[in-house]
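Me: I want to learn to read a model like this one. Take me through it feature by feature.

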Amino acid sequence: MAVKLRTVAPNLAIALVALLTAAPLVWMVLVSLMPKGTATSFPPPLWPDHATLANYRELLFPHQSLGGATSYKVFPALLNSLALAVLATLLGLGLTVPAGYAFAKLRFTGRARALQALLALAVVPAQVAMLPLFLMLKWAGLVNSYAGVLAPGLAGVYGVLFVRQATLAIPDEMLDAARIDGASEWRVFTRIVLPLMQPVVVTLALFTFLASWSDFLWPLIAITDQRLYTLPVALAAISREHAQDTELMMAGAVITTAPVLLLFVAMQRYYFTGVLGGGVKG
Amino acid sequence: MNRQARAGLVFTAPVLLATILLLVLPTAGALLLSVTDFDIYALADLANLRFIGAGNYAELFHTPSFWRAVGNTLLFAGLGVPAAIGTSLLTAMVINAATVRWKSLWRLLLFAPYVTTLVATALVWRYVLDTRSGLLNYALSGFGLAPVAWLENPRTSVPATLIFIVWKAFGYNMLVFTAALSTVSTELQEAARLDGAGAWARFRHVTLPAIGPALLLAAVLSVANFLQIFTEPYVMTHGGPAQSTETVLYFMFDQGFTWWNLGMASAVAVILFVAIFALTAAQARLGRRYEWL
């Protein structure tokens, strides 16, 4: 009996916690499918009896309203979020992967000092730099531009430290052997290091993409033009005017969060390997 | 210069330059701005800018709403860090139990909130925590409990927001702790058990020293994160009710981008920076003393 309890209790506990954790996300999807005004009755309905995609249609496409044709501009926001996340990921990887490898495996003057500086900078909260950065961008004419939104992400302190940590595991003998065979440093990096680092690069790409997609405070500051809104900024703006439209807002939440959730589920192996094991095939 | 030195320079220069231009320079700029009266007039014409020394800091010191924001932020961190770390560690230990099946499924489900978009799930929880039609009060009514005005009462607004924050964040550290727990030597555990050590003694003397570094790192990062709360109150409560969820960062955003008092807002940013830096340094020292780092 005691043995049985020790088997059943943890399984039951974790199933219950998982159920509670997933409940708000499931509820979000169900409510997004309900007709307007039905979710706010009490007791709250848990199942859409008359499931509809009307909320999604209203958010994504121009529609007729009291004053004529209007649009929530959610579809343009979706495109902005996608473009910015892709750009942030490509730029971020290009900047941090070679640097992280260099800090782990190449001997050059100033390496230790630069690394120490990066470690110290990791403590600096991004928000401290935001006000002057906004002024810099304003004077450079980059407020309300993709470049302005992407700018702070280029200071890839975390990315460099992450790649460095993961790359330390690559044996030096492997690189030296290639050098003795006459390979250039660039060739060593692209032909030997990058294939070994593939899981690390994918993990970092995922992290960068998700961070860019979900970023809120900086895009809120750097963009005032509605046409350049990212999904989170658009969603927050709509929610300030349509707080009572529960079903509409849940459809917006699904549109915003479903792409990253699906991406995560599809790439979970990379995600977890990266977080758990550093991910370099030794 | 040999080949490696040249490659090292070429590989690291771009990101170092970007970091200097987009992080170091603006951070130094925040220090400079904080000793000026940079406001909407200076934004229009820099000739209106004046050096005022510690004037912003002195004014903040006498601003009750700033102290309110500091208090709220400390409340968020003081309640939130133990709640988040505790939830992560507890779920990690359960998931790590030898008898638990379908580990990868549970891990996926428990981690999912972490990757969701903050603004979107903050909105979801605003409705989950709704007093009249919210899911949470509905669930409580099943146990015969009266509805709680979660986000509408200044006394419950911070804990209510924390339910959402912990829900969203605990999966990450759970994953980190699961990895750390799997390094705990099973032989040592068995030896301790044979020596008659109870569950708590085994946790305290075998498990805890092994996961100490992971725990400390998670605590440092959590404190830093909790001091930077902004989006949650912005979306869920607009800083209310009665300013009860207005954080330091919210105050900074308001000063800077609603009122364009960029000098004053920079002073807030500098104070936040110093606080986070001091806390991180203190925790690192603590870690060294116990030889966890």
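Me: Where is the place of Pro241(B)?

Reply: First, the ground rules. This is a predicted model, in which local features need pLDDT of at least 70, side-chain atom pairs count only at pLDDT 80 or more, and totals for chains, interfaces and linings use all residues. Residues are numbered from 1 along each chain as its sequence is written, while chains are lettered from A and ligands numbered from 1 in the order in which they are written. Helices are DSSP runs of H or I, at least four residues, and strands are runs of E, at least two, numbered from the N terminus. Pro241(B) sits in the loop between α11 (231-236) and α12 (248-258) of chain B.

Me: Which phi does His238(B) have?

Reply: A positive one, about 55°, although His238(B) is not a glycine. It belongs to the loop between α11 and α12 of chain B. Ala242(B), in the loop between α11 and α12 of chain B, also has a positive phi of about 55° and is not a glycine.

Me: Is His238(B) buried or exposed?

Reply: Count C-beta atoms, placed from the backbone, within 10 Å of the residue's own: 20 or more others means buried, 12 or fewer exposed, and in between partly exposed. His238(B) has 12 such neighbours, so it counts as exposed. Ala242(B) is exposed because it has 12 other C-beta atoms within 10 Å. Across the 293 residues of chain B, 44% count as buried.

Me: How many helices and strands does chain B have?

Reply: Chain B has 13 helices and zero strands.

Me: Where does α9(A) bend?

Reply: Compare axes fitted to the seven residues ending at a residue and the seven starting there; the angle between them is the bend. α9(A) bends by about 60° at Gln198(A), and Pro199(A) follows within four residues.

Me: What is the mean pLDDT of chain A?

Reply: pLDDT is the predictor's confidence in each residue, from 0 to 100. Chain A has a mean of 89, and 95% of its residues reach 70 or more. Over residues 278-282 of chain A, pLDDT is below 50. Where pLDDT is low, the predicted coordinates should not be read in detail.

Conventions. Contact = placed C-beta atoms within 7 Å.
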